[in-house]
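Hi everyone, thanks for coming.

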Amino acid sequence: MFDPNDECALLSRRTMLAGGISLGMAGSAAAAMSVAEPLVPNQLLREKDIPTDQASRVALMRRMRLRTDAGPVFWYFRGRNYAQQGANLIPICELVFGAVMLVKPNADGTLDVSQYELGFRTALGSAKRTEQLRNPITGEMIDLPFAPVGPNHFKYDSNNTLHLPENIGGSRFTLEHVPEVFYRVGQTVSFQTHSRAIVETPGQSNRVLNDMSIISSPAAEALSPDISFASATGYGGDVTDYARWLKMPAGAGTQTLRSVGEKVSRYSDMPEDWRAMLAESDPAMAADPIGGLAREAEIYRN
């Protein structure tokens, strides 16, 4: 089945829009290939046994990323932040990140999610949260904030597109959703996520956030409609403008994060170091993480 939202298809549209010689060359190459052997759509090759109807694909994504029934979801990631200057990557710090979520499906196919997230940064190679770090680009000692994001309340529509509130902690987020791309590799199902947001905060420069990940689950769990909560591993590869607290000069490049994490169903399964740092910085949330989702959102400071 040809998927018009597939990134390969989007690339084809851009090629067609280029017109002229590029379009002519593309047409000639396709004709030559078709003589040699029939073309098999790329989607069929990488989506073996993955359902093609929209409702099943939405359920698959929710089963892997969140859950299809009501209840809590917890995600954690470990990774490293880099300054990105052209093709050069300069390590900045380590990150351990956690998210507390409560999921509520609705009869109309939409999904409500309440979410609190907090990341703690450490010096390279260290496991202890640090409050200051030397900027590797400017040489300046900078303060490292660890303000939480949220609690916030989001909605996924029936097509599983995320809709954000107009205001998140005093900042405006304009979100662009890039269609997911599915993969079947052996006994694993994965899908690629990508959302691009512009963050506007009064009195500060705008930031562009490309939040990207690949979420993977055992095929036996991901493809079973009888399972509401599939075990999942996530691999992040975010690319963003520099966090404002890094105090980067204009033209210094961008920031990227490489990370790996896991979805769990119980707060006690979150990493011990993250839970300890949360208990120190936000004891009320650590004592009652689900109840804490009902409180007022923190000011967005990232």
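Let's begin with strand E9, residues 171-185, and strand E10, residues 188-200, which pair in the antiparallel sense over 12 bridges. Helices (H or I, at least four residues) and strands (E, at least two) are DSSP runs, numbered from the N terminus, and two strands pair if DSSP finds at least two bridges between them. Across this pair, Glu 176 has Arg 196 in E10 as its bridge partner. The two strands make a hairpin with 2 residues between them, and Gly 186 in the turn has a positive phi of about 60°.

A word on the source: this is a predicted model, where local features need pLDDT of at least 70, side-chain atom pairs count only at pLDDT 80 or more, and totals for chains, interfaces and linings use all residues. Residues are numbered from 1 along each chain as its sequence is written, and side-chain values use heavy atoms, with hydrogens and water left out.

Now, which strand does E10 join through 12 bridges on the way to residues 207-218? That is E11, running antiparallel to E10, with Ile 198 opposite Val 208 in E11. This hairpin has 6 residues between its strands, and Gly 203 in the turn has a positive phi of about 80°.

Stepping back, we have an open sheet of 11 strands with antiparallel pairing, in the order E7-E6-E3-E2-E1-E13-E12-E11-E10-E9-E8. At the edges, E7 (162-163) and E8 (167-168) each pair on one side only.
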